[in-house]
Amino acid sequence: YAAEVVRRRWKDANVAIMGNHGAIKVTPSLHAVQFVNGLREKFDKIFCFLGGGTEATGSQLRLLAESLRLSAVSNWCLIPRFHPAYAKNPSPSGKTWQETWCNELQSLGMPSDLMMFTDELKTEEVVVLSDVVFGGCPTDFTKAICAGKRAVSLFTKETKEAFTREGGLDQ
């Protein structure tokens, strides 16, 4: 509508609509709701981790694992969601990055029975159905916040370096 108003007044104007593309209402599928309700029968809290780039994700997982270990919250599960641009690609070890990161979580003491994996659900569904969403500073934080969920930034040195390298942010 805003573009129409501008074009009526200035016929030759170039119009660009800007905003945060993550600020949308997400309605999870019935399957997603049933999946998460099944988890809620076993766990009090459902956490989601959103991974980004290769260096930052590793450091964020280390911070998350230590934070959860020291937390007073018990009886939780974690649904890791790794960035699709990296998850299936090979890491230097020859395994995929997803396998590498999952192994890292286990080596940090996170039991595999607390990590729930599913490729059947969209990440945005997991985000809006979780209690808390962790990550560096992903776009899907906006979806979590719009759904009334807590979003916790795991802002590590590697996260800051990624922001500087990829976005030119140096502050």
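This report walks through strands, aromatic rings, cysteines and salt bridges in a predicted model.

Start with strand β1, residues 45–50. Of its 6 residues, 5 are buried, so β1 is largely enclosed by the rest of the structure.

Strand β1 pairs with β2 through 6 bridges, and the two run parallel. Within this pairing, I46 has C77 in β2 as its bridge partner. Between β1 and β2 the chain passes through helix α3, residues 54–70. This β-α-β crossover is right-handed.

Strand β1 also pairs with β3. Here 4 bridges join the strands, which again run parallel. The bridge partner of F49 in β3 is F134.

N75 sits in the loop between α3 and β2. Its phi is near 55 degrees, a positive value in a residue other than glycine. N75 counts as partly exposed because its relative accessibility is 35%.

## Aromatic rings

A pair of aromatic rings is described by the distance of the centres and the angle of the planes. The structure holds 5 aromatic pairs. One of them joins F47 and F134.

Another pair is F82 with W101. The ring centres are 5.0 Å apart and the planes stand at 40 degrees, so the pair is tilted. F82 lies in the loop between β2 and α4, while W101 is in helix α4, so the pair ties together parts 19 residues apart in sequence. F82 and W101 are both buried. These two residues also belong to one aromatic cluster with F49 and W97.

How many disulfides does the structure hold? There are 0 disulfides. A disulfide needs the two sulfur atoms within 2.5 Å. C48 counts as buried because its relative accessibility is 0%. C77 is buried too, with a relative accessible area of 0%.

## Salt bridges

Side chains of opposite charge can pair when their charged atoms come close. A search of the whole structure finds 6 salt bridges. One of them links D131 and R40, with the closest N and O atoms 3.0 Å apart. D131 is in the loop between α5 and β3, and R40 is in helix α2. The two are 91 residues apart, so the pair links distant parts of the chain. R40 is partly exposed, at a relative accessible area of 31%.

R62 and E104 form another salt bridge, at 2.5 Å from N to O. R62 lies in helix α3 and E104 in helix α4, so the pair ties together parts 42 residues apart in sequence. Is each partner buried or exposed, or in between? R62 counts as partly exposed at 37% relative accessibility, whereas E104 counts as buried at 17%.

Salt bridges that share partners join E124, D140 and K143 into one network.

Note on methods. Residues numbered from 1 in each chain as written. Predicted model: local features only at pLDDT ≥ 70, side-chain atom pairs only at ≥ 80, totals over all residues. Heavy atoms only, no water. Buried < 20%, exposed > 50% of the residue type's maximum accessible area, 1.4 Å probe, protein only. Phe/Tyr/Trp six-rings, centres within 6.5 Å; stacked < 30°, edge-to-face > 60°. Pairing = 2+ DSSP bridges. Right-handed = clockwise from strand over helix to strand, strands pointing away. Salt bridge = Lys/Arg side-chain N within 4 Å of Asp/Glu carboxyl O.
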